[in-house]
Structure formats: C-alpha cells, structure tokens
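The lead sentences come first, and grouped points follow.

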Amino acid sequence: MYKRLIVCIFVLGFIFSSHAEDGSQLWLRFHSVHPQKQLFSGVTGTTATTAMTELQHDWMEMTGKPLYQTNKIENNSLVIGTIQSRNIRSFGLSKELIQLGDEGYVIKTIQQMNKKITVIASSTDKGLLYGVFHLLRLIQTDHLSQNLNISEKPSYQVRVLNHWDNLDRTVERGYAGRSIWRWDELPGKISLRYKAYARANASIGINGTVLNNVNAAPEILSDTNLQKVKVIAGELRPYNIKVYLAINFSSPAKLGGLSTSDPMNAQVRDWWKDKTNEIYRMIPDFGGFLVKANSEGLPGPQDYGRTHADGTNMLADALKSHGGIVMWRAFVYAPTGDDRAKLAYEEFVLLDGQFRDNVIIQVKNGPIDFQPREPFSPLFGGLKKTKLMPEFQITQEYLGQGNHLVFLSPMWKECLDADTYCNGAGSTIAKITDGTLYGNKISAIAGVANIGEDPNWCGHHFAQANWYAFGRLAWNNSLISKQIAQEWIKMTFCSSDSFVEPITDMMLRSREAAVDYMMPLGLHHLFAWEHHYGPQPWCYIQGARPDWLPSYYHKADSVGLGFDRSTSGSNAVSQYYSPLREVYNDLSTCPENLVLWFHHVPWDYRMKNGFTMWDELCYKYDSGLKEVRDFQKIWDKMEKYVDTQRFKGVQSKLRIQAHDAVWWKDACLLYFQTFSKRPIPYDIERPVYELGDLKKIKLNMKSHN
Ligand code: GCW
C-alpha cells in the first residue's frame, strides 16, 4: 500500500512537471535541457563566485549532478577565471580582456598541450557571471560549437529597469500583479523573489534597477525606507545589479521640513548632500537618482524659476564624489503651445551643454508617449553636448497591457536604428546613446519594467519576451529581433524547428499587427480616457486638458484625418535634421506608416498602392485583425510542443486579443466614418455593432489586468 502511494506520488509529480508550468522560471528552464554527458570533463576556477555557483546550480538542473570541480586542467575542461588567475594569464588573454572592460568577457576554445579547453575569462567577476550565462545560453539553444571564439562587451554601461512601483505595492501601468518589492515586510523578511529577480536580470545583462515609481513619494528617502532599500541592494549585489531610486524634487521641503526645495538655496543643496552621503554610507555601490520633474504635476526646479539644468546639476554635485549619476527625464509637456510633440525639444534644446558630466537625460523613444508607433524623438541628435539615454516601455501600457501578444524588439530596433543625420548620414540613435558617436564616457538605457508578483512575473507568458529583449538589446544594441526571439523561444518553450519557426514569425509580425488594429498610418493616442486600453477616438471630458483627448491628435474632420506637423502646420518637422525634415514635410515622400502623424490627409488622397486614404485605413485595421486571427491558428497548432498550463494561458489571451482587435477596428472605423462619409469596403468584415453601442462599452479595467 505504502509503496503504491509512493509510485502514485511519483507519477503525479511527473504528470505535473511535464504538463503544467506556471512560467515562473522564465527562460531559465534548465531542467528541460539535456546536454551531452561528456560536454566538459570538469571545471576549474574559484568556487566562491556567483558565476561558479550559478554554473553548478544550472548544471545540476540539467544533468542531475554537479560538474566535477578540480584544480587540474584536463582534456575537455572548462576553465573559468579572471585576469588575476595564473591559468587565464597563461592563455595570453590579458590584453584582450583589459580592452573588454570589467563587464566584458571571452569564451574561447583553446588547444594546449594536446588538450582541448574551453575558457571563460574576464577582468572581473562581473564579466565571468555574464560569460557563464552566455555559455549556458549556447547550451540551451543548441548553439555550442566545437570551436568557440567569442568576445563580448556591453553597448551601454548602465542597463537599467525602471519600476513604476509605489510604496503601497501598487504598480503604475503594471499588469502583472502587485509590486515584487514587499515594503510592508522589509527589512525583516526577505522574499526569495529578490534573488530570482536578480538572477534573471543578470542572465540578460541588466545591471541596475530603479526600485520605485518616477511619480515618486518623498518618503522613499526616509530613514526607515532606506533601511529596506539597503536590504534589497544586498540581495541584488551578488548578481551585479545596482540599486537606484526615483526621487521627488520637493523632498527637502516635504521630507526634510525645509521651507523650500529651491535648487539654488544653500540649505537645500546641503540637504541633498547629506541625504546622498547617508545613502552611500548604507549602500556604497548605490547607482544614483532618476528624476521626473515639472511633468504631469510633479514638482521641479521651474517651481522656483530655475531650469532643469539647475535642478539636475544640484543632484549631480551631491552624487559626484560617490560615482553616482542622475538620470533626468525629458518627458515634459507644459500645457502651452500648439503641439505637444514639440514641447520637450523646445525646453531641453536651450539647455544643451549646461549639464554636469554625471547627468544623462532620459528620453522616451517618441516625442509623445510610448504610442504603438511614433517617429523618434527629435531630442536624439537635437542635443549634441548632452548625454542622452533611451527610455523604452517594456510594460504594455499602450499595447494591450496584460492581454495582447506584442513582441516589442522590432519597435525598439526601429528607434535604435533610426538615422537622425545629426552628424551626417549614419548618426543613428544607437550610436548617439551608446557613446560611439561623441565618445561619451557614460552611456545608459532604461526600460520601464513589466514585472509583478504574478507567478509568471509578467502577466502574459509572451510578455516575458519583452523583458528578455530589453536586456539583450541593452547589452548589444546591434542584435536583430529575429535572433532575440529565437533565443527566447528555445529557452522558454522548446527548440524544435516546427515550433521555433512559426512562433518566431508570429512574434516578429505582432507589433505591426497591433499598430494596424489600433492606430495605423501614424495615428496616435486614440485611447480611452486614462486607462489606455481600449479605443475611444470620440472621447471628450469636460474641462480636460486638450492634449489628453484623442481629437487633439487625430483631428478628424470632413476634409481628412491626421495632425499637420509640416511647415504649414505646427512645423514639428523642423526639429529634425535634413534630409529627414524635408522627407517628413512632403506628403508625397513622408513614409506612409507615419503619414497621419505629420499630415492632415484628405480622405480621397491616393496612397502609393492606389487606394484612397480612407480605404487604406479600413484595410489596415482589417489586416491587423486578420493577423491576430492567424496568430490564434498558429498557436493552436503548437499544442503538442507546450505544457497545458502555458498553452491554454496563451490561447485564452489570444482570444481576448482577437476580440479587442475587432473592437478597435469597429470603433475607429465607425467613428471616422462619421467624418469621411464613405463606405467601408465590401470585401472586409463589416462592423456588426452600431457606433452608439460601442460608445456605451464601459471598461472594468480589473478584468483586463
Ligand atoms: O505614459 C504616461 C503614463 C503615466 C506615466 C508617465 C511618465 C509614470 O500614462 O502613468 O507616469 O507617462 O512616463 O511619467
């Protein structure tokens, strides 16, 4: 009887492990990898490093045994070490390692005295950890060759996640549950998730995290909270993740009890110096501050007649001696002017060259706000004497939130690869921000995290791919989206070609599909009030700022659709360099995927394919919807490759996405039709609802999280 029970438990265990996975392991699913037994005969290297602990832990998961640890280098040995080790120096790698910096590494196959050895080497333990994860990735994705010759160093020095997490554990624009930072339990209780988080980030090269929301509560800097931050920092440190904090500019007054937070006031400056010193006494490797100031009602230096430069330089001075940095956001749009898209540029371009050398201005990819498609922000290239870092949004605030499958790497690549022409052709955003164009000493990139307490961390299983992609691009901004997708698919699901190929294809099409069923041809901000999930192009709220309403952006009227930003309109085109400004300015040369961003286009304007703009708009919405339906079919065919839990999870989310795509299409087309007065082409699926019914849909956002 007893024996039978054990067998039963064993069988059940097997069934659960093969048929149910909650996604909590992300792409680090070593239990499903089975390397050849004789891959390495043993490993040589210092045991007390995170790199070695990680290797042994994952090896154990893969093979059921640790890798034999020995001081003797044998045939087929894996040798792991820094430049300090005699072994590594004997391989003649020192010069190369110094050039690769403290996070870079090499992985090489070396023949020495009739022995074939695999070496992972770096100047420091940090690089070793990244090297080990690289080797593991090669094993996980079946790419381990017999002759390795890999040299890597990161594109950006600071590769940081921004958590928009509040102290009450709500997450602004978070769709994966509550915040992983358990402020209520800290510092006494340490959640296991902190270490798991650090490990996942290290595996993709992320080396920093801003723990709290840019809409920052002054209390984050209280002594009590700093004790908690210190504990988190301690958990993340072994994985080379530095902690940063978002600060509230009026902290000296609100927290410190001063009568002002004016950055030119001596007491205020001292307050920041003292606070910064206090932080570094507790957290010697603290990274620095992230600041949202004079934006969306938050305080800032302009409250005292000072500039963004005055504000950021005060903080930079406090951080300087400790090696900390200020990431100051350029997301500002005072309620003035004729075009929100121009405002950040207008404010910041005047300050170019006035920032301290430990300041980086953090710029969203587009001039407005993380829309499904925007042209790049003209601040890239517009500021030449100021360091700039891209801010991407990993959380899908404007891209179907926790429900839609949208792989964001193609969107970020579109930004990174965009040529600003600021120093002639080839002045891409990648080169401006990673420092290669101007030889900057500090370079950084930020992604707004999509992480929460949900078992699978990100809500949607495929949203994990966006966390993964951000890290990979921050490490190497020249990677292509297809490679990133394939790595992630193989590690997260399985590496059978019949799975990897269709799923890669689906992921690579998914962003364009979302653009098409939400806001094709350069349309933007047609979202429902405040929650930014569904369509509401008709939205009107009495007394609301005009630039918070969709009509401000789409400008639909009896003539046509779109925002005229040409020289005859708001002239936002002039913020771009030639030849881009001319290309954008002319309706006939403006890329069609941005045409309604830059022009008010007549309904009967002939597009390049001969359709009228109205017909093309209808076909675009329809093709976005058809894509999602195709994704459903692709996924359904994959059932045999995926455990039931994740298969069904994705399947049901795709169903919501298809439903939402119909909703977007019907709502936008029926609404715009009230202006165009033209029929919806008969060869596409026609709206079933009346516009009046669609307007009545009330969203309960809880059901969409
Ligand atoms: O996209 C908007 C969001 C706000 C966010 C703001 C910002 C953190 O709707 O929720 O606030 O941008 O980036 O500061």
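**Backbone features and domain contacts**

Pro187 is placed in the loop between strand E6 (158–162) and helix H6 (192–203); helices (H or I, at least four residues) and strands (E, at least two) are DSSP runs, numbered from the N terminus. The model is predicted: local features need pLDDT of at least 70, side-chain atom pairs count only at pLDDT 80 or more, and totals for chains, interfaces and linings use all residues. Residues are numbered from 1 along each chain as its sequence is written, and side-chain values use heavy atoms, with hydrogens and water left out.

**Loop geometry**

- The peptide bond that runs from Leu186 to Pro187 is cis, and its omega is near 0°.
- Arg169 also belongs to the loop between E6 and H6; its phi is near 75°, a positive value in a residue other than glycine.
- Ser578 and Pro579 are joined by a cis peptide bond, with omega about 0°.
- Pro579 is found in the loop between strand E14 (560–561) and helix H19 (580–585).

**Overall form**

- In total, the chain has 23 helices and 15 strands.
- The chain is as compact as a globular protein of its length, because its radius of gyration is 26 Å, close to the 27 Å that the globule rule gives for 705 residues. The radius is taken over C-alpha atoms, and the rule is 2.2 Å times the number of residues to the power 0.38.
- The C-alpha trace spans about 80 × 70 × 55 Å along its principal axes.

**Domains**

- The chain is divided into domain 1 (10–152), domain 2 (158–492) and domain 3 (516–563 + 600–704), with bounds from an automatic or database domain assignment.
- A distance of 47 Å separates the C-alpha centres of domain 1 and domain 3.

**Where domain 1 meets domain 3**

- Seven residues of domain 1 are in contact with four residues of domain 3, contact being heavy atoms within 4.5 Å.
- Between them, domain 1 and domain 3 bury about 460 Å², with 43% of it on carbon and sulfur atoms. Buried area is the accessible area (1.4 Å probe) that two parts lose on being put together, summed over both.
- One salt bridge is counted between domain 1 and domain 3, a salt bridge being a side-chain nitrogen of Lys or Arg within 4 Å of a carboxyl oxygen of Asp or Glu.
- The side chains of Arg646 and Glu21 form a salt bridge at 3.9 Å, N to O.
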